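My notes follow, one topic at a time.

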Amino acid sequence: MSNAAAVLTRLRSASSLTVVCHDDPDPDSLASAIALESLARTCGVETVDILYGGSIVHQQNRAFVELFDVTPRRYGDARLAANDLVAFVDHSVPGEHNSVPAETPIDIVIDHHPSEGAIPADAVDVRESYGATATILAEYFLESGIEFTPRIASALLFGIHRERLDFYRQPTDREYAVAASLHERADGERLRELYGVSFLPDSVDAFGDVIRNRTRRGSCLVSCIGRLENRVALAQGADLLLNVDGVDTVFVSGIVGDEIHISGRTTRRELDLGASLTRLFGDRGDVGGHDDMAGGKLPLGDVANATQDEAALVDRIRNRVGRRFLESIADDADPDA
């Protein structure tokens, strides 16, 4: 029995389902959640709740929720156990990249991220060779013969594009093949509206800081934005710096409350960025991710005094966190780049 068949069989045995996105869900996670919801209803599941921890801040993610009529709700411990089945999409282990208690029983996991340990679920479909979880869910439809609605086809297509194709972050042949199948079924007007969503004003302000505070060694670039209200600007700033000529690896940090948030990007195939961040900072905070895109958060108190003024905080974090990354990752960079 294929992984898709095993998941669909599990769904047919239930009348209610809880789908849990990771904290701060992105289009890949949100699209996968509503695709699984659609499959579940086809299988006879009457009640489906989509839950998440964290927040939905990025302007495109908020627009996604509105345009695709998604109704995700913040979860509490009691709600996770309210339905027959609990499924994780785009993450796999309770307590990792989510706020779910570590002992929570999970029934279904569909993900493309690597996991260091065993995944505590009955039906597990983790495909590390895939570039997006949305690709896996799209293949469920294609393999089972279940028809896509324009809403689901559009959502999955947007999730695949934002996760891999728009930035050419090591997409696989599967992303292109599935995207081609989805394209003819998608709602082009809805997708054009999503792509037309503009940056928030504070993101533009953060771009000025990330450019001004940058430090380069070879093909590696690091920066510290400073204090942030909109933490999404951190990832957007990392994407921006990766466009600098001759740069193949970037690392951006910023302060959110009493935490240091970090975001990294690389196009170097020999570098596993998620593993590198775990090696450098895993003993201090919650970090990890893909080989080409990773991030996390560290306690501010381990690095700097929160009462320091803005300039002192930026210098301290850039010297203690950014420099550690730079000295470790840039060892293999061309010093004359």
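**Hairpin.** I began with β11 and β12, which form a hairpin with 3 residues between them. Strand β11 (residues 286–289) and strand β12 (residues 293–299) pair in the antiparallel sense over 4 bridges. Pairing here asks that DSSP find at least two bridges between the strands. I looked up G289 too, and its bridge partner in β12 is A294. For the element names, helices (H or I, at least four residues) and strands (E, at least two) are DSSP runs, numbered from the N terminus.

**Ground rules.** This is a predicted model, where local features need pLDDT of at least 70 and side-chain atom pairs count only at pLDDT 80 or more, while totals for chains, interfaces and linings use all residues. Residues are numbered from 1 along each chain as its sequence is written, and side-chain values use heavy atoms, with hydrogens and water left out.

**Helix α10.** How many residues of α10 (residues 232–241) are buried? I found 8 of its 10 buried, so the helix is mostly covered (buried is under 20% relative accessible area, exposed over 50%, partly exposed in between, with a 1.4 Å probe and protein chains only). The buried ones are V232, A233, L234, Q236, G237, A238, D239 and L241. Their cover includes α3 (59–67), α9 (201–212), β8 (220–227), β9 (249–256) and β10 (259–266).

**S253.** Next I went to S253, which sits in strand β9. S253 counts as buried, at 1% relative accessibility. Leaving out residues up to four places away in sequence, S253 touches S223, C224, I225, G226, L234, I260, H261, I262 and I317; contact means heavy atoms within 4.5 Å.

**Cysteines.** I looked for disulfides (pairs of cysteine sulfur atoms within 2.5 Å) and the structure holds 0. C21 is buried at a relative accessible area of 0%, and C43 counts as buried at 13%.

**Second largest pocket.** I noted about 190 Å³ of space in the second largest pocket. Of the 13 residues that line this pocket, L80, A81, V86, T104 and P105 are the closest to its centre. The elements giving two or more residues to the lining are α4 (77–80), β4 (85–89) and β5 (106–111). For the method, a pocket is an open set of points on a 1 Å grid over the protein atoms alone where a 1.4 Å probe fits, with protein on both sides within 12 Å along at least five of seven lines, and lining residues have an atom within 4 Å of a point.

Technical notes: Grid points are joined across faces, edges and corners, and a volume is the space filled by probe spheres set on the points.
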